[in-house]
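Let's walk through this one together, a piece at a time. Have the sequence and the fold open side by side as you read.

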Amino acid sequence: MPGREDLPSTLRRSPEKAQRTWEKTHDSAVETYGEGERSHRTAFAAVKHEFEKVGDHWEPKGRKGPSDQQAAGGGPERRAPTAGGVDANATKDHLMSVARKLDVPGRSGMTKPELVTAIEKANDRATRKARGD
């Protein structure tokens with residue numbers, strides 16, 4: 001299965017359900033679109049509907065649904081910025097909890113959009129560290 005071979009490292013450190021979601025969606029997308037970026041984007045979109053990125057891995061969200069503006073709009077023609085796996089549609093309390101888990105400095109005075117950006121940066125740092133970059 002190509003999906004297992006292409007599984008990103010953040011998903012390798014994630015729950016089995018997140019891995020299966022990626023693999024099944026990726027493999028289906030490869031049949032439809034061919035191998036490449038579009039298949040990967042499609043697989044990540046499916047993962048983001050049930051999981052959010054926390055540090056160097058993905059964790060189940062409290063609810064299913066789009067995690068950011070791009071996921072809500074969808075479609076290849078409609079490109080909006082993504083939140084890099086952060087559930088930008090979550091409540092501020094939830095984002096504060098994730099920021100606390102990631103030890104984001106200055107989180108108590110941040111707005112919701114600032115929390116999303118700070119969590120995204122903390123996730124990127126954790127992923128780089130886990131990969132040894």
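Start with alanine 18, which sits in helix α3 (helices are DSSP runs of H or I with at least four residues, strands are E runs of at least two, and both are numbered from the N terminus). Its relative accessible area is 0%, so alanine 18 is buried; buried means under 20% relative accessible area, exposed means over 50%, and partly exposed lies in between, using a 1.4 Å probe and protein chains only. Setting aside neighbours within four places in sequence, alanine 18 is in contact with Leu11, Val47 and Phe51, where contact means heavy atoms within 4.5 Å. Its C-alpha lies 9.2 Å from that of alanine 46, 28 residues apart along the chain.

A word on the model before going further: it is predicted, so local features need pLDDT of at least 70 and side-chain atom pairs count only at pLDDT 80 or more, while totals for chains, interfaces and linings use all residues. Residues are numbered from 1 along each chain as its sequence is written, and side-chain values use heavy atoms, with hydrogens and water left out.

Now for the helix pair. Two packed helices are described by the angle between their axes and the distance between the axes. For α3 and α4, the angle is about 145° and the axes are 8 Å apart; axes here are lines fitted to C-alpha atoms over the stretch in contact, and angles run from 0 to 180 degrees between N-to-C directions. On the α3 side the contact includes Ala18, Trp22 and Tyr33, and on the α4 side Ser39, Ala43 and Val47 are among the residues involved. Sorted by type, the residues of this contact come out as 9 nonpolar, 6 polar and 1 charged (Ala, Val, Leu, Ile, Met, Phe, Trp, Tyr, Cys and Pro count as nonpolar, Asp, Glu, Lys and Arg as charged, and the others, Gly among them, as polar).

Stay with α4, residues 37-48. This helix has 12 residues and reaches 16 Å from first C-alpha to last, close to the 16 Å expected at 1.5 Å a residue; the expected span is 1.5 Å times one less than the number of residues. Its buried residues are Ser39, Ala43, Val47 and Lys48, and they pack against α2 (9-12), α3 (16-33), β1 and β2.

The loop between α4 and β1 holds histidine 49, which is partly exposed because its relative accessible area is 31%. From there, move to strand β1 (residues 51-54): Phe51 and Lys53 point one way, Glu52 and Val54 the other, and all are buried. β1 pairs with β2 (residues 57-60) in the antiparallel sense over 4 bridges; pairing requires at least two bridges found by DSSP. Glutamate 52 stands opposite glutamate 59 in β2. The hairpin has 2 residues between its strands, and glycine 55 takes a positive phi near 70° there.

That brings us to α7, residues 112-131, with 20 residues. Among its buried residues are Leu115, Ile119 and Asn123, and what covers the buried set includes α2, β1 and α6 (92-101). Why does threonine 127 count as buried? Its relative accessibility is 5%. Beyond neighbours within four places in sequence, threonine 127 is in contact with Thr10, Arg13, Lys53, Gly55 and Asp56. Just after α7, glycine 132 takes a positive phi of about 85°.
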